[in-house]
Amino acid sequence: MTTVDASGGTAQAGAPAQAAEPAPTGLMAGNPALLGLPTFIAGSVALGLVLVGAQVPAGSYGAALAVILASTSLGLIIATIWAIAVGQSAVAAVFGIFSGFWLSFFFLVMAVVHNWFAFVTAAAAGVPASNIAVGAIEVFLITWLVVVVMLTLATLRLPSAFTLLFLLVDLALIFVLLGVSGASTSDLQTAGGFVFAFVAVGVYLFFDAMTQCTGGNALPLGRPIIKG
């Protein structure tokens, strides 16, 4: 004889009831976005200020490096490990990709400033240093634009707030590329505007994660573009 339990399942009469599995604790619990989002936001704000020339001349990327290396890159690496530990593969992929972006940005700026890597060989061949720097930054931007566009398209099943975030990152990269290629301060400032726009979306996503973590209801994040 079988009976229907409260959850809708069936159980044999007289069989001992199965205890519910305990909720994960310690390393296997929690939401890595609570660390990943604010550290991502910190580096983005620093980069946005540099692009619009708010505190330093537009394009003075070295001014943002302290935040980008010591906070954003490190925080995203920790958040990636945390996401892997709790089995959140998609979250780990996003945070891992962006930790690679910020780390490579740090090394790009340091390489341009200190003439590292292939810049030495090109300089020895008589290529102007300014051309070397512009070319290196263009390679960086095109590479990461391809990766972030790929990420945008691959995550269309997520709520639309995430799609908006990635789309704004795409636009920021495009306008930084235009600004570097054309030596256009206005394009860099436009890119800075898109950076602050995706910072605003990131702040909203952080409030959603923190609200749920502290016992509140989830904030509306919009419907996915692709369903099913």
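## Aromatic contacts and helix packing

F101 is buried, with a relative accessible area of 9%, where buried stands for under 20% relative accessible area, exposed for over 50% and partly exposed for values in between, with a 1.4 Å probe and protein chains only. The model is predicted, so local features need pLDDT of at least 70 and side-chain atom pairs count only at pLDDT 80 or more, while totals for chains, interfaces and linings use all residues. Residues are numbered from 1 along each chain as its sequence is written, and side-chain values use heavy atoms, with hydrogens and water left out.

F101 forms an aromatic pair with W144, which is itself buried at 14% relative accessibility. Rings of Phe, Tyr and Trp (for Trp, the six-membered ring) pair if their centres lie within 6.5 Å, and planes under 30 degrees apart count as stacked, over 60 as edge-to-face and the rest as tilted. Because F101 lies in helix α3 and W144 in helix α5 (residues 129-154), this pair ties together parts that are 43 residues apart in sequence. A second pair joins F105 of helix α3 to F140 of helix α5, and so ties together parts that are 35 residues apart in sequence. F105 is buried at a relative accessible area of 6%, and F140 is buried at 9%.

| Pair | Centre to centre | Angle between planes | Class |
|---|---|---|---|
| F101 and W144 | 5.5 Å | 90° | edge-to-face |
| F105 and F140 | 6.0 Å | 55° | tilted |

By this rule the count comes to twelve aromatic pairs, and ring pairs link F40, F98, F101, W102, F105, F140, W144, F166 and F198 into a cluster.

Helix α3 (residues 89-114) also packs with helix α1 (residues 33-52): their axes come within 12 Å and cross at roughly 30°, the axes being lines fitted to C-alpha atoms over the stretch in contact, with angles running from 0 to 180 degrees between N-to-C directions. The two helices are therefore roughly parallel to each other, a term for angles under 35 degrees. The contact, meaning heavy atoms within 4.5 Å, is made by A33, G36, L37, F40, G43, S44 and L47 of α1 and by F95, F98, W102 and F105 of α3. By class, eight of the residues in this contact are nonpolar, three are polar and none is charged, with Gly counted among the polar residues.

Elsewhere, A183 has a positive phi of about 50° although it is not a glycine. A183 lies in the loop between α6 (160-181) and α7 (185-213), and A183 is exposed, with a relative accessible area of 70%.

Terms used
Helix = DSSP H or I, 4+ residues; strand = E, 2+ residues; numbered from the N terminus. Parallel < 35°, antiparallel > 145°, perpendicular 65-115°, else oblique.
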